[in-house]
Amino acid sequence: MRIDILTVVPELLESPLGHSIVQRAKNKGLVEIHIHDIREYGKGNYHQVDDYSYGGDAGMILMIEPIYTLINKLKQEREYDEIIYMSPDGKTLDQPIANRLSCMENIMILCGHYKGIDHRIREHLITSEISIGDYVLSGGELAAAVVCDAVIRLIPGAISDETSALSDCFQDNLLSAPVYTRPANFNGWEVPKVLLSGNPKLIAQWQEEQSLERTARLRPDLLKKE
Ligand code: ADE
């Protein structure tokens, strides 16, 4: 899989996409992440990328030309399954969206900044818009990093335990059962006895009960989803 990210603040993406499972997936050749600085395509000597908005609203808007030039250049090099714009207006990221994206070959993610981007980019070049929640971030970069993390961990081989991503919370609209490790007793706080029983059937049954109970109590909305 290849992910191209377009941004005016590349530094914001380096650390979130340079460690842990995402970095390991890159090392294993499972994913290529290319970060493009829109500023390199900016106008004139100052590489201008933003301008005042028509209509006089306060705040700067990312201009159409640099983004158009960069998107077109990339589209000439390969075909993209999706060209995504990160925006609070978009569809809220959930596990089915991450699952769908993880099966794609090439995706492009455009990060907005300032007061937004010239709307013609969204009308003519973007194929889908994704939000990571009902709040406004300073730019789309952290949201893009969230999407990349959620997607990349699903690529087969990204997580050493093959079944691990499939047993995640939300894969079946259920929260996970609680997990524990040694010591079995920490200052009197005990690990549930059943987990020490060595009986896989009893353990699986307990985990299922815990999943259902926690989902009903903490996220009853999930039980109503298809
Ligand atoms: N850009 C600014 N806020 C955002 C959000 N909540 N989700 C995705 N992109 C954003």
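This dialogue walks through a predicted model of one protein chain, feature by feature.

Colleague: What should I know before I start?

Modeller: This is a predicted model, where local features need pLDDT of at least 70, side-chain atom pairs count only at pLDDT 80 or more, and totals for chains, interfaces and linings use all residues. Residues are numbered from 1 along each chain as its sequence is written, and side-chain values use heavy atoms, with hydrogens and water left out.

Colleague: What is the secondary structure of the protein chain?

Modeller: Helices and strands here are DSSP runs, numbered from the N terminus: helices are H or I with at least four residues, strands are E with at least two. The protein chain comes to eight helices and nine strands. Its C-alpha trace spans about 70 × 40 × 35 Å along the principal axes.

Colleague: Which domains does the domain assignment give?

Modeller: Domain bounds come from an automatic or database domain assignment. Here that assignment gives domain 1 (2–152) and domain 2 (169–223). The C-alpha centres of domain 1 and domain 2 lie 37 Å apart.

Colleague: How do I read strand pairing? Which strands pair with S6 in the parallel sense?

Modeller: Two strands pair if DSSP finds at least two bridges between them. Take strand S6, residues 106–111. S5 pairs with S6 in the parallel sense, over five bridges. Strand S1 (residues 2–7) is also parallel to S6, again with five bridges.

Colleague: Which residues are bridge partners there?

Modeller: Start from S6. Met108 is the bridge partner of Ile83. Leu110 is the partner of Tyr85, and Leu110 is also the partner of Leu6.

Colleague: How is the handedness of a crossover read?

Modeller: Point the strands away from you. The crossover is right-handed if the path from the first strand over the helix to the second runs clockwise. In this model, S5, helix H4 (residues 95–102) and S6 make a right-handed β-α-β unit.

Colleague: Is S6 mostly covered or uncovered?

Modeller: First the cut-offs. Buried means under 20% relative accessible area, exposed means over 50%, and partly exposed is in between, with a 1.4 Å probe and protein chains only. Six of the six residues of S6 are buried. Both faces are covered. Asn106, Met108 and Leu110 are buried on one side, and Ile107, Ile109 and Cys111 on the other. Across the 226 residues of the protein chain, 40% are buried.

Colleague: How is a pocket defined?

Modeller: Work on a 1 Å grid over the protein atoms alone. A pocket is an open set of points where a 1.4 Å probe fits, with protein on both sides within 12 Å along at least five of seven lines. A cavity is a set of points where the probe fits but cannot get out. Lining residues have an atom within 4 Å of a point. Points are joined across faces, edges and corners, and a volume is the space filled by probe spheres set on them.

Colleague: How many residues line the largest pocket?

Modeller: It is lined by 17 residues, and Tyr52, Ser53, Tyr54, Ile61 and Asp118 lie nearest its centre. The space comes to about 420 Å³. Strand S3 (50–52), strand S4 (60–62), helix H3 (64–77) and helix H5 (119–124) each supply at least two lining residues.

Colleague: And the second largest pocket?

Modeller: Its volume is about 340 Å³. Of its 22 lining residues, Met86, Ser87, Pro88, Val136 and Leu137 are the closest to the centre. The largest share of the lining, five residues, comes from S5.

Colleague: What backbone geometry deserves a look?

Modeller: Most residues other than glycine have a negative phi, and most peptide bonds are trans. Now this model. A cis peptide bond joins Arg182 and Pro183, with omega about 5 degrees. Pro183 lies in the loop between helix H6 (141–152) and strand S8 (185–186).

Colleague: Which residues other than glycine have a positive phi?

Modeller: His47 is one of them, with phi near 50 degrees. His47 lies in the loop between strand S2 (32–37) and S3. His47 is partly exposed, at 35% relative accessible area. Asn173 also has a positive phi, about 60 degrees. Asn173 is found in the loop between H6 and S8, and counts as buried at 19% relative accessibility.
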